[in-house]
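Please open the structure in a viewer and follow the stops below in order. Each stop names what to select and describes what is found there.

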Amino acid sequence: MNRWTVLAVTAGAALMFCQPAFSQTEDNSDDTGADTTLVPTPSKPAARAASSLLLDLTRAGSGWVAVGQRGNILVSPDGAKWQQVPTPADTTLTRVRFLDAVHGWAVGYDGTILDSEDGGKSWKLQQFDAAWGKPYFDILFFDAGNGLLAGANGTLKKTADGGKTWDAVNSDAFADSPNLYNLIALGDGSLLLAGERGFLARSMDKGANWTRLKSPYTGSYFGALATGKAGVLIFGLRGNAFYAPDVAKAAPLSAKELAAMQAAASDAENAGNNQNPVSEVAGWTHLKHDDTEPLFGGVAGPDGNILLVGQNGRVMQADLTGGALKRMTVDTDINMNAALMDGAALVTVGTSGIRRVTLQ
């Protein structure tokens, strides 16, 4: 089960699998039968946009930006007062990232890419691909021109012109076509990709080449956080979280091991044996806890305090030295997809929109 399935089920609706509204002028299909005339419909103003399903949250300089269903994008100067802004596509947006205080990108379903040059106050459509019809899950820019885009079925693309055009990045690391959920830069300058079915890969050359890593978990990773000079914390299904203090010491996955893993995954009899999905892998520490709710987002505070958020009001504090997660008491049981710290509180987005969560 992936993150978007989890969100749909827990929200009590199949939102993530609904087709967005399109406008079309005539019936004009290509050789594959895909309708090439489909164009996006602009998002609609919604009085309750701030309480609708939202999937990601980020900072743009001193401002805040949140994205979610129906192409909703909301901005705030302080994390308290929020305003919806117009967008050129009403598709569900899964991620928003800013390079600096003004340049940002939002990505989502139907191959949607939006960009902003004013801190999120206005957005332009860079790409919309209804014929492909699948989602992008993350985007990362190194400068105003060069960036990477990660999405469904092992899709990884690169741009050198600020996102106007994109070229596929091909790698044997993606041969089994996993959904690529999170793409982050680590403190040592390398990149980490995390995704479904325990997918982990590292690049030392800004995404040109990738090395698959041995995974301590066969379930999906929904998020990753860089820690220190070369560390990373990954987390996902059933509340599983793993810490590598030096990702350079994380063991690579050989072609032989990858083939064996794929064969085991496709063996129905083996799949029914209920084998432990967590294993000991060199370089990784499993953070112990007694909770099983999925973890969707995380944030590291200026004091080094790391908090992970997830389903049913779960807020887990990471003790990297002690190798454990500690559940924190909060005043809500809503599903939280992403969070940012604001003083002693968390500003979160989830199935109930934007919430300020007091930590006790």
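Begin by selecting A130, which is found in the loop between strand 10 (124-127) and strand 11; strands are DSSP E runs of at least two residues, numbered from the N terminus. A130 is buried, with a relative accessible area of 18%, because buried means under 20% relative accessible area, with exposed over 50% and partly exposed in between (1.4 Å probe, protein chains only).

A note on the model is in place here. The model is predicted, so local features need pLDDT of at least 70 and side-chain atom pairs count only at pLDDT 80 or more, whereas totals for chains, interfaces and linings use all residues. Residues are numbered from 1 along each chain as its sequence is written, and side-chain values use heavy atoms, with hydrogens and water left out.

Next, turn to the aromatic rings. Rings of Phe, Tyr and Trp (its six-membered ring) pair if their centres lie within 6.5 Å; planes under 30 degrees apart count as stacked, over 60 as edge-to-face and the rest as tilted. By this rule there are 12 aromatic pairs. Select F174 and W210, a tilted pair with 6.2 Å centre to centre and 55 degrees between the planes. This pair links distant parts of the chain, 36 residues apart: F174 lies in the loop between strand 14 (167-168) and strand 15, and W210 in the loop between strand 17 (200-203) and strand 18 (211-212). Both F174 and W210 are buried.

Then select Y221 and F242, an edge-to-face pair at 6.2 Å centre to centre, with 90 degrees between the planes. Y221 belongs to strand 19 and F242 to strand 21 (residues 241-244), 21 residues apart. Y221 and F242 are both buried. Select also F137, Y181, F222 and F296, which ring pairs link into a cluster.

Two charges over rings follow; the rule is that NZ of Lys or CZ of Arg is within 6 Å of the ring centre and within 35 degrees of the ring normal. The charged end of R59 sits over the ring of W64, 3.9 Å from its centre. K157 lies over the face of W132, 5.7 Å from the ring centre.

Finally, select strand 25 (residues 315-319) and strand 26 (residues 324-327), which run antiparallel and are joined by 4 bridges; strands pair if DSSP finds at least two bridges between them. D319 stands opposite A324 in strand 26. The two strands form a hairpin with 4 residues between them, and G323 in the turn has a positive phi of about 65 degrees.
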